[in-house]
Amino acid sequence: MSSQYQKGHLPDPSQEQKPPGHQYKMDPAPASTQLPTEDGGYQTYRAAGKLEGKRALITGGDSGIGRATALLFAMEGADVSIVYLAEEERDAQDTRQQVEGKGRKCVCIQADLTKAEECRKAVEETVKELGGIEILVNNAAYQMVQDSIDQLSEEQWDLTFKTNIYAYYYMAKYALPHLRKTKGATIINMTSVNHYIGRADLLDYTSTKGAIVAFTRALSNQVVGDGIRVNAIAPGPVWTPLVVSTMGKENLEQFNATPMGRPGQPTEIATCCVFLASQDSSFISGSTLHPNGGTMVNG
């Protein structure tokens, strides 16, 4: 496990997978509860009861950043609902078992979030099973590398937008009536460093991530008067199933090209989710955090 945190360590790029990717097949496995230490090793996340009694809905919660967020939320005292694709059932059940092993409830919901009705049902099932909701984490995403706009099909452009921004709108729209009933409610939207650097081979993905930043700022201004805070997180490269199933060997071989000399681990993004979901961030709304390995951005 500690080798995941050694400076410049690159996970084996030969382990390409077909979309949507599966965490149980990855080697080394993405870190879901471990954080790097100063000496290059790792330690388990130390919880402090920051989300005691809270209820969270996390899209893409079966693996990667979503799984790590579900586990850290559970460690902090929250029950969680995770939404995922049918093909991700095994990873989802692994997440459920780990959350329940920490003494919290985990609701598993299969849904195609490109469809408004399935988003509405996911929210309703979450509220039914958990009794309410205080935290919405919009995390599910789609990407596929294409070198030029000529290679980027209209179908892929449409799918990327429906997955990455339409679904965020749907989930927020249907969750807000329930969030308004609670105190200290929060929405966390996952954007990307790519919006700020303008990554050329992810034109559609990068465009949606820019839309998410704008959506976050505007929605924050709409609902801050209701006591609901809306923020975003813009990760840099993170070792997740999305990466090995969409980027190809050439891109994976460049995956450690951050100022810190390594990709991030899902836990390092999930700690940001804990911060934004808890009262530690009580004076922050409409903002974006940048856990990206040291890349300088204007955002």
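## Leu-71 and its contacts

Leu-71 touches Ser-32, Thr-33, Thr-95, Gln-98, Val-99 and Lys-102, leaving aside residues up to four places away in sequence. This is a predicted model. Leu-71 sits in helix α1. Its relative accessible area is 0%. Because buried means under 20%, Leu-71 counts as buried.

## The protein as a whole

The protein has 299 residues, and 55% of them count as buried. It holds nine helices and nine strands. Its accessible surface comes to about 12,700 Å². Carbon and sulfur atoms account for 48% of that surface.

How far apart in sequence are the residues that meet? Take the contacts between residues at least 6 apart in sequence. Of these, 78% join residues at least 24 apart.

Helix α2 runs through residues 89–101, which makes 13 residues. From its first C-alpha to its last it reaches 18 Å. That is close to the 18 Å expected at 1.5 Å a residue.

Which residues of α2 are buried? They are Asp-91, Ala-92, Thr-95 and Val-99. These residues cover an arc of only 100° around the axis, so they lie on the same side of α2. Arg-90 and Gly-101, on the other side of α2, are exposed.

The cover over the buried residues of α2 includes α1 (64–75), β4 (79–84) and β5 (106–110). Just after α2 comes Gly-103, with a positive phi of about 85°.

## Salt bridges around α2

The salt bridges in the protein come to 14. One of them joins the side chains of Arg-67 and Asp-91, at 3.7 Å from N to O. Arg-67 belongs to helix α1 and Asp-91 to helix α2, so the pair ties together parts that are 24 residues apart in sequence. Are these two residues buried or exposed? Both Arg-67 and Asp-91 are buried.

Another salt bridge links the side chains of Glu-52 and Arg-104, at 3.9 Å from N to O. Glu-52 lies in the loop between β2 (42–44) and β3 (55–59), and Arg-104 in the loop between α2 and β5, so this pair ties together parts that are 52 residues apart in sequence. Glu-52 has 54% relative accessibility and counts as exposed. Arg-104 is partly exposed, with a relative accessible area of 21%.

## A pair within helix α3

The side chains of Arg-120 and Glu-124 meet in a salt bridge at 2.5 Å, N to O. Both residues belong to helix α3 (residues 116–130). They are four residues apart there, so about one helical turn separates them.

Arg-120 is partly exposed, with a relative accessible area of 23%. Glu-124 is partly exposed as well, with a relative accessible area of 40%. Elsewhere, salt bridges that share partners join Glu-52, Asp-79 and Arg-104 into one network.

Which residues form a nonpolar patch on the surface? They are Ile-149, Trp-157 and Leu-203. Together they have about 280 Å² of accessible area.

Leu-203 lies in helix α6, which covers residues 203–223. The relative accessible area of Leu-203 is 34%. Patch residues must have over 30%, and Leu-203 is partly exposed at its 34%.

Asp-226 lies in the loop between α6 and β8 (229–233). At 40% relative accessibility, Asp-226 counts as partly exposed. Asp-226 and Gly-184 are 42 residues apart in sequence. In space they are 9.6 Å apart, C-alpha to C-alpha.

Note on methods:
Residues are numbered from 1 along each chain as its sequence is written. This is a predicted model: local features need pLDDT of at least 70, side-chain atom pairs count only at pLDDT 80 or more; totals for chains, interfaces and linings use all residues. Side-chain values use heavy atoms; hydrogens and water are left out. Patches are made of residues with over 30% relative accessible area and no salt bridge: like charges are joined within 9 Å, nonpolar side chains (Val, Leu, Ile, Met, Phe, Trp, Tyr) within 5 Å. Accessible areas come from the Shrake-Rupley method with a 1.4 Å probe; for residues, only the protein chains shown count as cover. A salt bridge is a side-chain nitrogen of Lys or Arg within 4 Å of a carboxyl oxygen of Asp or Glu. Helices (H or I, at least four residues) and strands (E, at least two) are DSSP runs, numbered from the N terminus. Buried means under 20% relative accessible area, exposed over 50%, partly exposed in between (1.4 Å probe, protein chains only). Contact means heavy atoms within 4.5 Å. The expected span of a helix is 1.5 Å times one less than its number of residues. The arc is that of the directions from the helix axis to the C-beta atoms.
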